[in-house]
Amino acid sequence: MTATESTDILVIGSGFGGAIAAYHLAAGGARVVVLERGPWLRADEFDHDFELGKSYTRIFDFVVGDGMSILGGNCVGGGSVVYFATMPRAPRFVFERQGSIGRRMWPAAINRDTLDPWYDRVAEALPITQQTWDRIPYAGGLWGAACRHAGRTANPAPAAIDVDLCTNCNWMMAGCRFDAKRSLLLNYLPAALDHGAEIRPLHEVQHLSRTSDGGYRVHYRVVDGEDYRILHGSGEIDAKIVVVAAGSGATPVILQRSEPHLGKMPHAVGRYFSGNGERLNTAIFDEEKVRDVLGLSRPDGRAYSAYQIGRGPTVASWDKLDGSLPEYERFSLEQLYFPPGLGTILAQVPGATGPSWFGLEKKEMLRQWQSWLTIFTMSEDDNEGVFGPPPETGNAHRLSQQMLGVGPLRYEPTKNTWRGWSLSDAEVKDILERDGLARVAPWTNDLVGAYTVHPLASCRIGDDPATSALDDRHELRDHPGIFVTDGSAVPGALTVNPALTIAALAERAMPGIVAAARARGVPVSYNGTLPAPATAPAVAAPAG
C-alpha cells in the first residue's frame with residue numbers, strides 16, 4: 001500500500017488560481033505541492049500543427065456537455081498556456097449585476113474600486129501592456145476599419161504579450177514556442193519553484209476526505225502521458241489547507257465527488273455555471289470591397305487573405321459596454337482567430353440555400369477561409385448551467401486518447417441569454433455586411449449546443465449562502481480550510497475576457513488563505529511580493 005504523504009498546503013491545478021496561490025504560499029514559507037492533471041511542456045514542444053499527440057491535442061481539454069461544451073487548458077500553466085492573453089478589466093457595471101437571482105450577485109466587499117489594486121498587481125507581475133495601432137496585425141486593423149466605417153468605435157486591447165518577440169504566427173492556442181505570450185510558465189510558476197514549491201504534472205485529483213487532525217487528504221490518480229483515458233497508480237497527500245483551482249469544469253466535479261467523504265456540499269457547488277455569454281460569428285469578406293470601401297490593401301496587392309496572420313484578439317469594440325443599458329443588452333465584440341478544427345466544422349454558411357454546416361456550399365466557404373474574420377461576443381447570461389452526477393473519475397468520460405470527453409454539465413439558454421446573443425449577432429451583421437463588405441452567419445448551437453472558452457461561476461463567491469458556494473474570502477462554506485480560487489469562483493459573466501479578473505481575485509484571496517493556514521499551525525506569512533521576472537521558463541524536472 002502506498003504511504004500517505006504530507007505537506008502544508010495542497011494546490012489542485014496550475015492555472016491562474018493555482019499558480020498565484022502556489023507562489024504566494026511558497027514565498028511565505030509553506031511547504032506547497034501542486035497537482036496538475038495535464039502534462040508539462042517546454043516552449044520548444046509547442047507545435048505548429050494539429051496532429052494527434054502534438055501540443056494542440058495534449059494541452060487542451062474539450063468537454064461536451066448537454067447544451068454546452070467547454071474548451072480549456074490541460075497542462076502545467078492551465079488556461080494561460082492556451083489563452084490569447086487579452087487582459088481587460090471587467091466593466092464597473094459587472095459588479096452590480098443581479099442576474100437570475102434578482103439581487104446583487106457579487107459580495108458587498110468587492111466592486112471595481114476595491115478590485116483595482118489587485119488588478120494592478122497582476123498587470124505588473126505578468127506584465128500586461130496596452131497594444132497600439134502601429135503594432136496591430138492586419139485582421140485587427142480590418143475589424144477596426146469596419147467598425148469605423150459603420151460608425152462604431154474600436155480599440156486595441158491590453159494584452160500579456162511581448163510584441164517584440166511575437167512573430168504573428170497565430171498559433172497561440174497551441175502554446176507559444178517563442179515565449180512572447182506571458183503565460184504562467186514565465187512568472188508565477190518559476191517563482192513558486194524558486195521558493196520550494198513542487199509541481200507534479202499528470203496527477204488527476206479524484207476527491208478529498210478528512211483527516212483526524214482536522215486537515216484534508218487529497219486522493220489522486222496518475223494519468224498516462226499519451227492516452228489520458230488510462231490511469232495508473234493512485235496516491236494520497238495530507239494537507240492543512242487545500243486550494244482547489246482545477247477550472248470551472250472540474251472544480252465542482254471534484255467537490256461533488258468528495259461529498260460522501262466530507263459531508264454535504266453547499267447548494268451552489270456545481271450550479272449557476274456561466275459560459276460568459278460567449279458566441280462566435282463568421283464573416284466572409286469580399287476582397288474587392290475591402291479595398292474599395294475600406295481602402296485597405298496589403299503590400300502585395302491583396303486586400304485581405306490574412307485570416308491566419310496575427311495573434312488572436314487585438315482589437316475590440318466596447319460600444320455596448322454601457323452601464324446605462326439594460327442587463328442582457330451589454331456585450332463586447334472582438335476580432336479573433338479561431339484555428340481550423342472544430343471551429344471550421346461548426347461554422348455556418350452565410351445565406352445557405354441548403355444545409356448550413358456541410359455540403360457543397362460549405363466546401364466553397366472553406367475554400368475562402370483566408371478571407372474569414374471571426375468576431376467573438378462576450379455577453380451576459382443567466383448562470384443557467386448545472387452539473388449533474390460526477391463521472392467515476394476525472395471531470396469527464398474520456399472518448400479519445402487526448403482532448404475529447406463528455407461531461408456532466410447541462411445548459412439550456414434562457415430567453416435572457418438568447419436576447420444578448422441575438423442583439424450581438426445583429427450588431428456584427430450590421431457592422432460587417434454594410435456596403436457589401438462581408439457575409440455573416442453566427443456559429444451553430446445545433447450540434448453540440450453552446451460553447452465557451454471562458455467557463456465561470458460553478459462554485460461562486462457571494463454573501464448569500466443559498467446562491468454562493470464560497471464566502472467573500474473564497475473559503476468553501478461549511479468546509480473550513482478548503483478554498484477555491486479559479487474561474488469557478490467568479491459570480492457571473494463579465495462581458496470581457498475573464499483571465500485578469502480571475503487572477504486579481506486570486507491575488508485578493510491570498511492574505512485570507514495565509515491567515516487560515518496560520519490558524520491551522522502552518523508557518524507561513526504574507527509579504528505581498530510579486531514574482532521577479534523569470535530568467536528562464538518553468539520546465540519539468542528530469543524523470544527519475
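1. Two strands are said to pair if DSSP finds at least two bridges between them, strands being DSSP runs of E of at least two residues and helices runs of H or I of at least four residues, numbered from the N terminus.

2. On the basis of the note: the model is predicted, with local features needing pLDDT of at least 70 and side-chain atom pairs counting only at pLDDT 80 or more, while totals for chains, interfaces and linings use all residues. Residues are numbered from 1 along each chain as its sequence is written, and side-chain values use heavy atoms, with hydrogens and water left out.

3. Strand β14 (residues 278–285) has two antiparallel partners: it joins β17 (residues 372–378) over 7 bridges and β21 (residues 438–442) over 5 bridges. Within the pairing with β17, N281 is bridged to I375.

4. Of the 8 residues of β14, 8 are buried (under 20% relative accessible area; exposed is over 50% and partly exposed in between, with a 1.4 Å probe and protein chains only). One face carries E278, L280, T282 and I284, the other R279, N281, A283 and F285, and both faces are covered.

5. R279 lies in β14 and counts as buried because its relative accessibility is 7%. Its side chain forms a polar contact of 2.8 Å with that of D425 (a pair of N or O atoms within 3.5 Å; within protein, one must be able to donate a hydrogen and the other to accept it, and residues adjacent in sequence count only if both atoms are side-chain atoms). Beyond its neighbours within four places in sequence, R279 is in contact (heavy atoms within 4.5 Å) with residues including W418, W421 and W443.

6. Helix α1 (residues 16–27) is largely enclosed by the rest of the structure, because 12 of its 12 residues are buried. After α1 comes G29, with a positive phi near 105°.

7. Helix α7 (residues 251–262) is also largely enclosed, since 9 of its 12 residues are buried; V253, I254 and L255 are among them. G263, which follows α7, has a positive phi near 105°.
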